[in-house]
Amino acid sequence: MRSSVRRRLAVATWRPPREGRIHGRLEVDATAMLDYVDRVRARTGEQVTITHVVGAALARAVRAVPEARTRVVLGRIVAVDSCDIAFAVDIDDGEDLAPVKVSGADCKSPLQICAELRAGAARLRAGTDPAYARSSAIVRAVPWWTLRPVLSVASLLVGGLGVPAFGQPGRPLGTAFVSNLGTLGLDEGFIAPLPFARVPLYLAVGAVRDAAVIVEGAVVVRPQLVLVATADHRLMDGAHAGRVATVLRELLSDPDALDTR
């Protein structure tokens, strides 16, 4: 059976679980986000989605929490100045995945992120993205027994030091990584981190579902969105995750603020 690039990387990358991870779950009222998305679509004709809103909010949350903008390189914690957010894009009907990185996402609106992500996804699906083409060719050509050491070198250069190598740009998964699991029909889920990318924070966006909630003492039905985070426990603990969640909740309850801050 022919293995996809993603599966070859997975086999060569992950060992039995032993590394420290911290997980968090945040349930938010999606009413304001859905209204914002509808208004932006009507005004611009662009297919802005909740994923773009969450990505813009996450970038600002990461900016507010310096610990979420770090890497472990050669045993030392190294600060990263940028707030780049990478988004998972499915290729070949979900048989493969690739990232599209939006640089400086903390200074971009959901509409701007939508435009960049759409263009990047189109290149990947058309097979015209040079970085993905080069790295995929390398993964397919390298013998399986050498793929793990190759990834170790790539981890230091690409993920840690931010040096372009093996067909990949420096830090291809950005400062944080977002994947929309809701489009797959999942209400929520935990993302398995990719060690060689050295990303401190992963965020899974679930499906929006109606749920009964208490509002001013009354039971009402509101659309709810579940966000699940996986973080590197060497860099972030509960206090840092709580600060990220606070900023996220604030911005997602008022998405119009993402157009001005």
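Helices (H or I, at least four residues) and strands (E, at least two) are DSSP runs, numbered from the N terminus. With that in hand, let's start the tour.

This is a predicted model, in which local features need pLDDT of at least 70, side-chain atom pairs count only at pLDDT 80 or more, and totals for chains, interfaces and linings use all residues. Residues are numbered from 1 along each chain as its sequence is written, and side-chain values use heavy atoms, with hydrogens and water left out.

**Stop 1: the whole chain**

Show the chain as a cartoon and you can look for 7 helices and 9 strands. The radius of gyration (taken over C-alpha atoms) is 18 Å, close to the 18 Å that the globule rule (2.2 Å times the number of residues to the power 0.38) gives for 261 residues, so the chain is as compact as a globular protein of that length. Its C-alpha trace spans about 60 × 40 × 35 Å along the principal axes. Of the 261 residues, 47% count as buried, meaning under 20% relative accessible area with a 1.4 Å probe and protein chains only; exposed is over 50%, and partly exposed is in between.

**Stop 2: two packed helices**

Now select residues 50-64, helix α3, and residues 110-126, helix α4. They pack at an angle of about 115 degrees, with their axes 8 Å apart. The axes are lines fitted to C-alpha atoms over the stretch in contact, and angles run from 0 to 180 degrees between N-to-C directions. α3 and α4 are therefore roughly perpendicular to each other (65 to 115 degrees; under 35 is roughly parallel, over 145 roughly antiparallel, the rest oblique).

Zoom in on where they meet: His 52, Val 53, Gly 55 and Ala 56 in α3 are in contact (heavy atoms within 4.5 Å) with Pro 110, Ile 113, Cys 114 and Leu 117 in α4.

**Stop 3: Thr 51**

Stay in helix α3 and pick Thr 51. Is this residue buried or exposed? Thr 51 counts as buried, at 10% relative accessibility. Leaving aside residues up to four places away in sequence, Thr 51 touches Phe 87, Val 178 and Asn 180.

**Stop 4: two loop residues**

Next, select Phe 166, in the loop between α6 (144-161) and β6 (176-180). Phe 166 is not a glycine, yet has a positive phi of about 55 degrees. At 34% relative accessibility, Phe 166 counts as partly exposed.

Finish at Arg 198, in the loop between β6 and β7 (201-205). Arg 198 also has a positive phi of about 55 degrees although it is not a glycine, and counts as partly exposed at 21% relative accessibility.
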